[in-house]
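Hi! I'm passing this structure on to you, and I've put together some notes to go with it. Could you open it and follow along as you read?

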Amino acid sequence: MSLRKGLIIFILLAFGVSALIIFKSVDKETVRSLLNADKMKLLLALIVVFLAWLCDAGRFCSLSYAAHEKVSFSFGIVLTWLNYFGSAVTPMQSGGGPFQVYALYKKGIPVGKGIAITLMRTMLTILILTLAVPSALMLDPDILEGSPFLKGLVFYVFIVILATWAFVAFTIMKPEMIKRFSRIIVKWLRHVDFMKSNKKAVKIVRWLDREIDNYILNFRLAFHSGKTWVFAAVILSVLHLLALFSVLPVLMSAVGLPFRYMQTVAVQAVFMFILYFVPTPGASGVAEGGGALLYSVLMPENMAGIMSVICRFFTDYISIFMGVVVVVRMLGWGVSENLHKGASVEDA
């Protein structure tokens, strides 16, 4: 799937499902509530989104310091927006990492370290959600009541997360196996004449070995000399999620809907847990429709759909738009297309 096609699918699904939700759920009472919304609280929701960006940027800085590298705070904001854009145009939100790794590489950070930094950032979020979601479901089992589909999704996500953690642990404990596997792939590519030059094959093998060493070294540095920075990243990860989860209650307050803060956080934690592994680009369609379904636990059905769309606008669409601006101005569409297709940083 090309970058342009991924973006088009994201837009079509997101806006198509949003239009359907609005058509099906909005009534006169919904319109009246929206027209009477507290404008200052809408501004507060925007400020909370900005705070989430700051926490995410600070997390990148902390993890880079743990790896004995330096990422400026302003560049951390850029990496945050790049992640939103890359996630929006790829299945299972997997495309943010390559964009971030390339941007870090252009700043002089080796690819292996860049992969480790971005992977640690993602795994921290997943770890927090993995701990928070079972707690949320135990405290409020009605969140998934009456929805076998969502229950099945949660089970599926737990399986994927366990497999992901197993893979990361394997790469850290058995780096030589990863190197051997990469050599087999290069040798096979050489055998099928995909790679014409033997000299280039040797160069790629050496490059892969070096970057795998950097990847392993980064984890070792992070959990030895960089433990303080990793701890800071954990705190910022929690604050980042709390800021994102606070947008919905602020919006509910703006339109006069009653809420229990911890219940809104629990529902959104379950929802984000699911969205991380939805196969559509940026979880589009499922994020809007699933939000309308889950948020009905928190508010009347005539408000759940439109609040899902508005919350998605604040927490995702604005960030994705900023990511588009960064991609066009900083990377260019051609480089972005190569990254999206999985081209190596060295070739790009």
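**What turned up**

Let's start with Arg32 and Glu29, which sit 3 residues apart in helix α2 (residues 28-35), so about one helical turn separates them. Helices (H or I, at least four residues) and strands (E, at least two) are DSSP runs, numbered from the N terminus. Before we go on: this is a predicted model, where local features need pLDDT of at least 70 and side-chain atom pairs count only at pLDDT 80 or more, while totals for chains, interfaces and linings use all residues. Residues are numbered from 1 along each chain as its sequence is written, and side-chain values use heavy atoms, leaving out hydrogens and water.

What do the side chains of Arg32 and Glu29 form when they meet? It's a salt bridge, at 2.6 Å from N to O (a side-chain nitrogen of Lys or Arg within 4 Å of a carboxyl oxygen of Asp or Glu). Arg32 is partly exposed, at 43% relative accessible area, and Glu29 is partly exposed too, at 41% (buried is under 20%, exposed over 50%, partly exposed in between, with a 1.4 Å probe and protein chains only). The whole structure holds 5 salt bridges.

Arg59 pairs with Asp56 in a salt bridge, with the closest N and O atoms 2.7 Å apart. These two are 3 residues apart in helix α3 (residues 39-66), so again about one helical turn lies between them. Arg121 also forms a salt bridge with Asp56, this time with the closest N and O atoms 2.8 Å apart. That pair links distant parts of the chain, since Arg121 belongs to helix α6 (residues 111-139) and Asp56 to α3, 65 residues apart. Are they buried or exposed? Arg59 and Asp56 are both buried, and Arg121 is buried as well.

Now zoom out. The protein chain has 14 helices and 0 strands, and 51% of its 348 residues are buried. Of the contacts with a separation of 6 or more, 77% are between residues 24 or more positions apart (contact means heavy atoms within 4.5 Å).

For a helix pair, look at α3 again, this time with helix α4 (residues 73-88): their axes come within 8 Å and cross at roughly 110 degrees.

Next, find helix α5 (residues 96-106). Its buried residues include Phe99, Val101, Tyr102 and Leu104. After α5 comes Gly108, with a positive phi near 95 degrees.

Finally, go to Pro258, in the loop between α10 (227-254) and α11 (261-275). Pro258 counts as exposed, with 66% relative accessibility. Leaving aside residues up to four places away in sequence, Pro258 touches Met252 and Leu298. Which residue is 41 residues from Pro258 in sequence and 7.9 Å away in space, C-alpha to C-alpha? That one is Met299.

How values were computed. Axes fitted to C-alpha atoms, helices over the stretch in contact; angles between N-to-C directions.
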